[in-house]
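Here is a short walk through one structure, from its pocket to its sheet and then to a single side chain.

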Amino acid sequence: MSTHPTPPPAPYMLFFRNSGPETHQHLTPEQRQQLVTRWNAWFEGLVAQGKATEGQPLELDTRIVSGPGGARVVDGPFPEAKESIGGYVKLLVSDLDEATEIAQRHPGLAYGLIIEVRQMQSTCHLGVNTMPGGAREVIAH
């Protein structure tokens with residue numbers, strides 16, 4: 001029996017980069033189908049274990065909003081689209097090591113997929129509450 005209590009699950013995000021169609025152009029239709037089958041099995045297995053709560057691909061088209069009042073708007077995709085986030089999976093796991101181990105099992109890694117692993121926080125560095133029902137105020141210093 002362990003004397004250390006198990007930490008409650010923490011939310012982590014897996015961000016997928018280099019996941020666009022150009023990454024898989026060299027694959028035959030059969031190879032693409034095998035990858036899709038393995039990818040789905042990876043995700044569905046995580047859901048069945050209660051470790052993944054959601055995941056989705058993102059459109060290649062993008063819009064960047066910046067500047068005061070969002071005055072600057074630029075539409076993409078951009079030449080550096082390989083580096084953009086192409087999808088995500090939200091995990092509920094014990095720690096960064098477990099999230100990393102899950103990412104390391106992803107079948108897309110063999111085809112150039114890059115996975116960024118990040119822990120989600122309930123507040124940002126400014127003190128903005130990001131959880132439903134919480135105060136949403138910026139603490140200006």
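On a 1 Å grid over the protein atoms alone, a pocket is an open set of points where a 1.4 Å probe fits, with protein on both sides within 12 Å along at least five of seven lines; lining residues have an atom within 4 Å of a point. The model is predicted: local features need pLDDT of at least 70, side-chain atom pairs count only at pLDDT 80 or more, and totals for chains, interfaces and linings use all residues. Residues are numbered from 1 along each chain as its sequence is written, and side-chain values use heavy atoms, without hydrogens and water.

The largest pocket holds about 420 Å³ of space. Its lining has 20 residues, and Phe16, Ser19, Trp39, Pro57 and Gly86 lie nearest the centre. H1 gives the largest share of this lining, 6 residues. At least two residues each come from H1, strand S2 (52–57) and strand S5 (85–93); helices (H or I, at least four residues) and strands (E, at least two) are DSSP runs, numbered from the N terminus.

S2 and S5 also belong to an open sheet of 4 strands, in the order S2-S5-S1-S6 with antiparallel pairing. Two strands pair if DSSP finds at least two bridges between them. The edge strands, S2 and strand S6 (114–119), each pair on one side only. Between S1 and S6 there are 6 bridges, and Tyr12 has Gln119 in S6 as its bridge partner.

Asn18 sits in the loop between strand S1 (10–17) and helix H1 (29–48). A polar atom of the Asn18 side chain lies 2.7 Å from the backbone oxygen of Gly112.

Technical notes:
Polar contact = N/O pair within 3.5 Å; in protein donor to acceptor, adjacent residues only side chain to side chain. Points joined across faces, edges and corners; volume = space filled by probe spheres on them.
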